[in-house]
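Take a moment with the sequence and the model before reading on.

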Amino acid sequence: MTERGDHYDDLEIRNPEQRETALLEALRDQIGNAQQNSPAWARILSGVDADAVTSRDALAKLPVTRKSELLELQKANRPLGGLTTRPPGEMSWVFASPGPIYEPGIQRRDYWRMGRAMYAAGLRPGDIVYNTFAYHLTPAGHMMEAGAHACGCAVVPGGVGNTEQQVQAIHDIRPNAYVGTPSFLRVLFERADEAGLDTSSITKASVGGEALPPSLRESWRKEGVNVLQSYGTADLGLIAYESPALEGMIIDEGVIVEIVGPGTDDPVGDGEVGEVVVTALNPDYPLIRFATGDLSAVMEGQSPCGRTNTRIKGWMGRADQTTKVRGMFVHPIQVGQVVSKFPEIAKARLVVENPDQADRMTLRCELEAEENEGLNQRIAEALQSGCKVRGEVEFVTAGSLPDDGKVIDDQRVYR
């Protein structure tokens, strides 16, 4: 494998218009592939003309599929819900994640596309990578191993647990790169110090699976360890990744990412916080408008590192803010449906409190124009009908609701 310079391949630095054209062409083909070869997608995309999906606006008209729906599809048609384009027996692996939700895997070069993130983190041919993601049932260990191999690296399959044995292995094998969660890297370094073992061979790391506190990253940088994050899921593979510029996360070349309003299927503007919805251009597992449940926002401009794809701000919390009020579950999608009935509402948030330990919910609304007679009462009636729980309606000053992607803000304090 030859050295490729600062970028994994030329796809990262192509003209954005060229990328958009290529993605939309691939999208059209993927929709046709899904309709023809996947029973579940044939139902979900029934009536959709694949050749007519030639723009982001057209994509936004397709239904969003959420993880809860994936679970139900798999219960009805085990193990993969009829969502793949080949039978489960033709897969290389069938993995299990909490839920349980089952994911396929194919023994193909960098099937989950993690190599792009690892290359950005500095992994190069000849490196020895210590991989601490789990190999048991879940795909994480295999995902990262495939990415490291795509970068030309040798891999130590550390997996999880057995901390003392792992620290000894690092001391003996002398890997120069780490892959895993940031919290476990900290544990390994601390345990090595206690045992008097040397882990100084590790000088770079590609981490994921949880948030990386800036203070922790900076402390490792001072010790000579450069750490970058990636963002991916077992279903979709790589979604976005950091580059050495450390300005947001760059979207992977093998996916189309939208940010939609939590509780809705509708894309929001650049800079607005919403749920990450991904279309994966994987011919074997064609997830189309798949909602991750994670919150993020699109950043303006391009990365100073030279990569030209769109950037997102990284993980900003969970979109699934479902809560229980007076014994009834209230979902963001219910709130979104109520709000959509009133064009007078510019923005809204359902606030749940418990003064005197009694649940109370209030829909706080910013209005597009002056309040008209009876609007408060009509919204309150729609709220009770849609959520099956009575709530109050409060009109607030335009711009006063935070732009943090929250549809339901549970402020209850239990004493």
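The paragraphs below go through strands, salt bridges, backbone details and a surface patch.

Keep in mind that this is a predicted model.

Start with a pair of strands. Strand E6 covers residues 177–180. E6 pairs with E7 in the parallel sense, over four bridges. Now look at E7 itself, residues 204–207. In a regular strand the side chains alternate between the two faces of the sheet. Which residues of E7 lie on which side? Lys204 and Ser206 are on one side, while Ala205 and Val207 are on the other. All four are buried, so both faces of this strand are covered.

Next come the charged pairs. How many salt bridges does a search of the whole structure find? The search finds 31. One of them joins the side chains of Arg14 and Glu253, with 2.9 Å from N to O. This pair links distant parts of the chain, 239 residues apart. Arg14 sits in the segment before helix H1 (16–37). Glu253 sits in the loop between strand E10 (249–251) and strand E11 (255–260). Are the two partners buried or exposed? Arg14 is buried, because its relative accessible area is 13% and the limit for buried is under 20%. Glu253 is buried too, at 7%.

Other salt bridges stay within a helix. Lys75 and Glu72 meet at 3.7 Å, N to O. Both belong to helix H4, residues 67–76. They are three residues apart, so about one helical turn separates them. Lys75 counts as partly exposed at 46% relative accessibility. Glu72 is also partly exposed, at 46%.

Helix H9, residues 214–222, holds another such pair. Glu218 forms a salt bridge with Arg221, and their closest N and O atoms are 2.5 Å apart. Glu218 is partly exposed, with a relative accessible area of 32%. Arg221 is partly exposed as well, at 46%.

Salt bridges can also join into a network. Asp9, Glu12, Arg113, Arg116, Asp252 and Arg307 are linked in this way. Pick out Arg113 from that group. Arg113 lies in the loop between E3 and H5. Its relative accessibility is 17%, so Arg113 counts as buried. Its backbone deserves a look too: phi is near 65°, a positive value in a residue other than glycine.

Asp110 is found in the loop between strand E3 (101–105) and helix H5 (115–120). What is the phi of Asp110? Phi is positive, about 50°, although Asp110 is not a glycine. Asp110 is buried, with a relative accessible area of 9%.

Now turn to a peptide bond. The bond from Arg78 to Pro79 is cis, with omega near 0°. Pro79 is placed in the loop between H4 and strand E2 (93–97).

Which residues form a negative surface patch? They are Asp270, Glu272, Glu300 and Asp403. Take Glu300 as an example. Glu300 is in the loop between strand E14 (298–299) and strand E15 (311–312). Its relative accessible area is 70%, so Glu300 is exposed.

Methods. Residues are numbered from 1 along each chain as its sequence is written. This is a predicted model: local features need pLDDT of at least 70, side-chain atom pairs count only at pLDDT 80 or more; totals for chains, interfaces and linings use all residues. Side-chain values use heavy atoms; hydrogens and water are left out. Patches are made of residues with over 30% relative accessible area and no salt bridge: like charges are joined within 9 Å, nonpolar side chains (Val, Leu, Ile, Met, Phe, Trp, Tyr) within 5 Å. Accessible areas come from the Shrake-Rupley method with a 1.4 Å probe; for residues, only the protein chains shown count as cover. A salt bridge is a side-chain nitrogen of Lys or Arg within 4 Å of a carboxyl oxygen of Asp or Glu. Lys and Arg count as positive and Asp and Glu as negative; His and the chain ends are not counted. The place of a charge is taken as NZ of Lys, CZ of Arg, CG of Asp or CD of Glu. Helices (H or I, at least four residues) and strands (E, at least two) are DSSP runs, numbered from the N terminus. Buried means under 20% relative accessible area, exposed over 50%, partly exposed in between (1.4 Å probe, protein chains only). Two strands pair if DSSP finds at least two bridges between them.
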